[in-house]
Amino acid sequence: QVQLTESGGGLVQPGDSLRLSCVASERGLSTYVMGWFRQAPGKEREIVASIQWGGFTTYAETLKGRFTISKDAATNTVYLQMNNLEPEDTAIYYCAAHRLGVQIFESWGQGTQVTVSS
């Protein structure tokens with residue numbers, strides 16, 4: 001399984017922006033789907049966004065317009081740009097990956113904490 005390492009979390013104020021990064025341990029990610037999930041205290045984990053290496057993206061409907069997922073093939077990195085953050089965005093954010101044709105995410109990062117508070 002591919003190893004994933006997230007970074008970029010932190011404490012920000014409402015309205016601020018933050019960019020999370022996820023570096024994959026191996027090349028050849030063109031056959032993978034990468035995703036960002038989050039889990040808030042007391043809530044179930046939910047998908048935020050996903051991206052196929054060819055560029056096709058999906059988003060949670062409620063986050064469209066504020067969050068953007070992107071990739072840098074040269075560095076095997078997937079980003080999650082989060083704008084106009086709200087306290088409700090407070091959660092642990094996880095990077096995940098699965099091979100094309102596999103229906104569930106197989107590899108997970110350790111997570112990075114995002115806290116939005118004034």
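Reader: Is Asn76 buried or exposed in this model?

Author: The model is predicted. A residue counts as buried when its relative accessible area is under 20%. Asn76 has a relative accessibility of 10%, so Asn76 is buried.

Reader: Where in the chain is Asn76 placed?

Author: Strand β7 covers residues 67-72, and strand β8 covers residues 77-82. The place of Asn76 is in the loop between β7 and β8.

Reader: Which residues does Asn76 touch, leaving out those up to four places away in sequence?

Author: Contact here means heavy atoms within 4.5 Å. With sequence neighbours up to four places away left out, the residues touched by Asn76 are Cys22, Val23, Ala24, Glu26, Arg27 and Leu29.

Reader: Which residue of β8 is the bridge partner of Asp72?

Author: Strands β7 and β8 pair in the antiparallel sense, over six bridges. One of the bridge partners in β8 belongs to Asp72, and that residue is Thr77.

Reader: Which strands are the edges of the open sheet of four strands?

Author: The strand order in this sheet is β1-β3-β8-β7, and the pairing is antiparallel. An edge strand pairs on one side only, and that holds for β1 (4-7) and β7 (67-72). On average, neighbouring strands of the sheet are turned by 20° against each other, direction ignored. The edge strands are β1 and β7.

Reader: Which cysteines form the disulfide, and how many residues apart in sequence are the parts tied together?

Author: A disulfide is a covalent bond between the sulfur atoms of two cysteines. The count is one disulfide, formed by Cys22 and Cys95 with their sulfur atoms 2.0 Å apart. Cys22 lies in strand β3 (residues 18-24) and Cys95 in strand β9 (residues 91-99), so the parts tied together are apart in sequence by 73 residues.

Reader: Which residues make up the covered face of strand β11?

Author: In a regular strand the side chains alternate between the two faces of the sheet. In β11 (residues 112-116), Gln113 and Thr115 are on the uncovered face. The covered face consists of Thr112, Val114 and Val116.

Reader: Which residue stands opposite Val116 of β11, and which stands opposite Val114?

Author: Strand β2 (residues 10-12) runs parallel to β11 and is joined to β11 by three bridges. β9 and β11 also pair over three bridges, in the antiparallel sense. Opposite Val116 stands Val12, and opposite Val114 stands Ala91.

Note on methods. Residues numbered from 1 in each chain as written. Predicted model: local features only at pLDDT ≥ 70, side-chain atom pairs only at ≥ 80, totals over all residues. Heavy atoms only, no water. Pairing = 2+ DSSP bridges. Helix = DSSP H or I, 4+ residues; strand = E, 2+ residues; numbered from the N terminus. Axes fitted to C-alpha atoms, helices over the stretch in contact; angles between N-to-C directions. Buried < 20%, exposed > 50% of the residue type's maximum accessible area, 1.4 Å probe, protein only. Disulfide = S-S within 2.5 Å.
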